[in-house]
Amino acid sequence: MMVAYIQMTFVVSTGEKNLGKAYHHIKRLCHELEEKAEKASDEAGKRLSEIASRVSGWGSQSLDELVNAVEKASSTDERGRSLEELISRLFEAIPGFTVTDRIRTATEEIDIAVLNDSNDPRFRRESAILLAECKNWSDKCGKNEFVLFKEKIENRSNRCSLGFLISWNGFKDTVPKEMLRGSREHTLVVPITGKDIRAAVLDNNFADVLASCWQKAITT
């Protein structure tokens, strides 16, 4: 994994005599500098991620080939990576969506983060950051994985309220029950199956499939 770091050291001087006013003035300047540094770090990280992707062969396979790799790759790791690339590229093809690198913190890891600048009225009112988690298991995804992913969404400092849980082999009956239990909450997890993804690749309509799954999730 490639990570971009920016270390910033600076001194702020002010001629303000009032201590309270001086404090607020310096605090505002520091906040502006930190915002610009974070933006620069994000841009550098994205460029490094693009370079790493090209080196690793990301984008060299067609979507149909990735679907085949998801289902028939010889190793679990290859099937998982193929599904992550497939989902990332499908999200990237939707206007207004920008896929960033994985999110890694001291306590958790998230497969895909998406910056949401969509003009689609269904997604325009959603959070600025969308998350996606990919599960290419031999078994169906159950309640525990659903709950853990929902907690990851809620841990994003109120900057995220929508996530897509992709389980290639579908979901257990416990997932719709858990969705019904949390239907009054602001956070929404949208389940997507491998059948949904295969249909989206076949018909080249991932945006429509995504909207359909979203609609189904909010009416469950």
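Modeller: The side chains of Asp 77 and Arg 81 form a salt bridge, with 2.9 Å from N to O (the term requires a side-chain nitrogen of Lys or Arg within 4 Å of a carboxyl oxygen of Asp or Glu). This is a predicted model, in which local features need pLDDT of at least 70, side-chain atom pairs count only at pLDDT 80 or more, and totals for chains, interfaces and linings use all residues. Residues are numbered from 1 along each chain as its sequence is written, and side-chain values use heavy atoms, with hydrogens and water left out.

Both partners, Asp 77 and Arg 81, belong to helix α3 (residues 76–92), where four residues, about one turn of the helix, separate them. Helices are DSSP runs of H or I with at least four residues, numbered from the N terminus. Another salt bridge joins the side chains of Asp 120 and Arg 122, again with 2.9 Å from N to O. Over the whole structure, the search finds nine salt bridges.

The packing of helices comes next. Helix α5 (residues 143–154) packs against α6 at an angle of about 40°, and their axes lie 8 Å apart (axes are lines fitted to C-alpha atoms over the stretch in contact, and angles run from 0 to 180 degrees between N-to-C directions). From α5, Lys 143, Phe 146 and Val 147 meet Thr 174, Val 175, Glu 178, Met 179 and Arg 181 of α6, where contact means heavy atoms within 4.5 Å. Four of these residues are nonpolar, one is polar and three are charged (Ala, Val, Leu, Ile, Met, Phe, Trp, Tyr, Cys and Pro count as nonpolar, Asp, Glu, Lys and Arg as charged, the others as polar).

Helix α7 (residues 194–203) packs with helix α8 (residues 206–218) at about 150°, and 8 Å lies between their axes. Helices α7 and α8 are therefore roughly antiparallel. Asp 196, Ile 197 and Ala 200 of α7 make this contact with Phe 206, Val 209 and Cys 213 of α8. The contact of α7 with α8 comprises five nonpolar residues, no polar residues and one charged residue.

Note on methods. Helices (H or I, at least four residues) and strands (E, at least two) are DSSP runs, numbered from the N terminus. Angles under 35 degrees count as roughly parallel, over 145 as roughly antiparallel, 65 to 115 as roughly perpendicular and the rest as oblique.
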